[in-house]
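Open the model in your viewer and keep the selection tool at hand. We will go from stop to stop, picking residues and looking around each one.

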Amino acid sequence: MTDPSGRAGRWTVALAVLLAGLAVGWVSWLAFGSGAGDERPAPSPSPTTELTSGASATDVPGVAGVAGSGKSSPPDPASLPLTGLTVALDPGHNGANAQHPDQAGALVPDGRGGSKACNTVGTSTDAGYPEHAFTWDVASRATTALEDLGARVVVTRVDDEGVGPCVDVRGGFAQAVGADVLVSVHANGSDDRAAKGFFVIVADPPPVVDGPPRADDAASSERLATAMVGALASAGFTPSGSVAGAISRRGDLATLNLAARPAVLLELAEMRNPDEAALASSEEGRQRYADAIAAGVVAWAG
């Protein structure tokens, strides 16, 4: 049997719910429907926001470079300063030269009618960090820096674990691979621990390769040396105090004597000087040397 009082209670509850809903709707209309729309925040742009006339993709929040990609556009190769240039890098010495003295000591042409040892062990810091490891790392970092600037880079050795190549091969490398310029990377090992500073070596007299010396290559080598001195100095490195102008002119280095391209040999650091040994042994220092080499090539090519 239905309880009249229970049915009346249910109607009372239903009426209360209905009245509450009407009240909420009235308040919402007052807040948003009656002239308050101009105070509401504008919606955030979606990925499909249409660009108005004169706007660029970077005008849309969260979009840079290519619209919708979120990534910067790659540089136009034609705008890079070294596009079209091939650079030969020669990291001096090699990691296994000391283990193979007969092979490293074999005589090869020096480019002046005499002979030189195929290769040498190189120097090291007092703590034992070797020149061959330093030159390999700097050349590897310089390769990346030069390629980022548009250059094609070729290197005289493929790792730091072999013997050689011999200095006559290094000297003829640039022309053999069609490079435009040769940069040989070394460090010095003066007995005087107080000696410090970098210097650059060029061939003097000019190389005699495939006929008479080419004056344009000799002049270009001098310009390259000057550019390297400027770039290294600008990077905060100290020019040698024992080499005038930090440019040495020598006729006894087969690597330079046999180069039929503009060529320099860099003595980047005095590895027995405590301060420069610490710099050469650090990743930060080697990156600075590499970036300076790339800057020198840009200055020369420009």
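Select Val 200. This residue is buried, with a relative accessible area of 0%. The model is a predicted one, so treat each stop as a computed picture. Val 200 belongs to strand E6, which covers residues 199–203.

Now show what surrounds Val 200. Leaving out residues up to four places away in sequence, Val 200 touches Ala 225, Met 228, Val 229, Ala 246, Ile 247, Ser 248, Val 264, Leu 265 and Leu 266. Pick Ile 247 from that list. The C-alpha atoms of Val 200 and Ile 247 are separated by 4.8 Å, although the two residues are 47 apart along the chain.

Next, select Leu 107. Is Leu 107 buried or exposed? At 63% relative accessibility, Leu 107 counts as exposed, because the cut-off for exposed is over 50%. Leu 107 is in strand E2, residues 107–109. Setting aside neighbours within four places in sequence, Leu 107 is in contact with Ser 115, Lys 116 and Ala 117.

Zoom out for a moment. The chain has eight helices and eight strands. Of its 302 residues, 39% are buried. Take the contacts between residues at least 6 apart in sequence: 79% of them join residues at least 24 apart.

Now for the sulfur atoms. How many disulfides does the structure hold? The structure holds one. Select Cys 118 and Cys 166, which form the disulfide, with their sulfur atoms 2.0 Å apart. The pair links distant parts of the chain, 48 residues apart. Cys 118 sits in the loop between E3 and helix H3 (131–148). Cys 166 sits in the loop between strand E4 (152–155) and H4. A disulfide is a covalent bond between the sulfur atoms of two cysteines. Look along the S-S bond of Cys 118 and Cys 166: the torsion is about -90°, so this disulfide is left-handed. Cys 118 is buried, at a relative accessible area of 2%.

Move on to helix H4, residues 167–176. Which residues of H4 are buried? Colour Val 167, Arg 170, Gly 171, Gly 172, Phe 173 and Ala 174. What covers these buried residues includes strand E1 (86–91), E2, E3, E4, E5 and H6.

The last stop is the largest pocket, with a volume of about 440 Å³. Start from its centre. His 93, Thr 120, Val 167, His 186 and Leu 253 lie nearest to that centre, among 23 lining residues. Five elements to highlight each give two or more residues to this lining: strand E3 (115–117), helix H4, strand E5 (181–188), helix H6 (254–257) and strand E8 (263–270). Which element gives the most? E5 does, with four residues. Finally, colour the lining by residue type. The lining divides into seven nonpolar, 10 polar and six charged residues.

Key
Residues numbered from 1 in each chain as written. Predicted model: local features only at pLDDT ≥ 70, side-chain atom pairs only at ≥ 80, totals over all residues. Heavy atoms only, no water. 1 Å grid on protein atoms, 1.4 Å probe; cavity = no way out; pocket = protein on both sides within 12 Å on 5 of 7 lines; lining within 4 Å. Points joined across faces, edges and corners; volume = space filled by probe spheres on them. Nonpolar A, V, L, I, M, F, W, Y, C, P; charged D, E, K, R; others polar. Disulfide = S-S within 2.5 Å. Buried < 20%, exposed > 50% of the residue type's maximum accessible area, 1.4 Å probe, protein only. Contact = heavy atoms within 4.5 Å.
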